[in-house]
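Please read these notes alongside the sequence and the coordinates.

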Amino acid sequence: MIALIRYSAWYRLESNDDLEPEKKLMKEVTLEGIRDMLTCFSPTERNMFIAFFFKELSPQEIAAMYETTTSSVYNHLSRSKRKLRNERIRVRIDAHLQKRREQGKPRRKVLDFYH
């Protein structure tokens, strides 16, 4: 989560025109990765997450925007963080399995308990 907050601040400070080509590419790839991970959210969760972490709106402001309570916003943000954490784990596991497939290794390791 802290990385998202830091990244959102960096994203606002530097426009793409001011960046070196390597940093520009890294920024675009990172943004694409974040966008892909946000697909695990419902539209309301996604919008609240973006409003809180990228637009830096307070929970009270978000609650007013969605005509809901502040505690509801906190619940949405908490669920969103949990979903994002789980999605990140899923993506890492998928990448690991893909790497194993490319190396020709089996999908699972069978342990032999009889030796």
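Helices (H or I, at least four residues) and strands (E, at least two) are taken as DSSP runs, numbered from the N terminus. The model is predicted, with local features needing pLDDT of at least 70 and side-chain atom pairs counting only at pLDDT 80 or more, while totals for chains, interfaces and linings use all residues. Residues are numbered from 1 along each chain as its sequence is written, and side-chain values use heavy atoms, with hydrogens and water left out.

1. Confidence. On pLDDT (the predictor's confidence in each residue, from 0 to 100), the chain has a mean of 81, and 80% of its residues reach 70 or more. The lowest confidence falls in helix α1 (residues 2–13), at a mean of 50, and the highest in helix α4 (residues 59–66), at 95.

2. Composition. The chain has five helices and zero strands.

3. Helix α5. This helix covers residues 70–102, which is 33 residues. At 1.5 Å a residue, counted for one less than its number of residues, α5 should span 48 Å, and its end C-alpha atoms are 48 Å apart, so the two agree. After α5 comes Gly 104, which has a positive phi near 80°.

4. Burial in α5. Buried (under 20% relative accessible area, 1.4 Å probe, protein chains only) residues of α5 are Ser 72, Val 73, His 76, Leu 77, Ser 80, Leu 84 and Glu 87. An α-helix has 3.6 residues a turn, so residues three or four places apart point the same way.

5. Whole chain. Of the 115 residues in the chain, 23% are buried. Among contacts (heavy atoms within 4.5 Å) with a separation of 6 or more, 49% join residues 24 or more positions apart.

Note on methods. Buried < 20%, exposed > 50% of the residue type's maximum accessible area, 1.4 Å probe, protein only.
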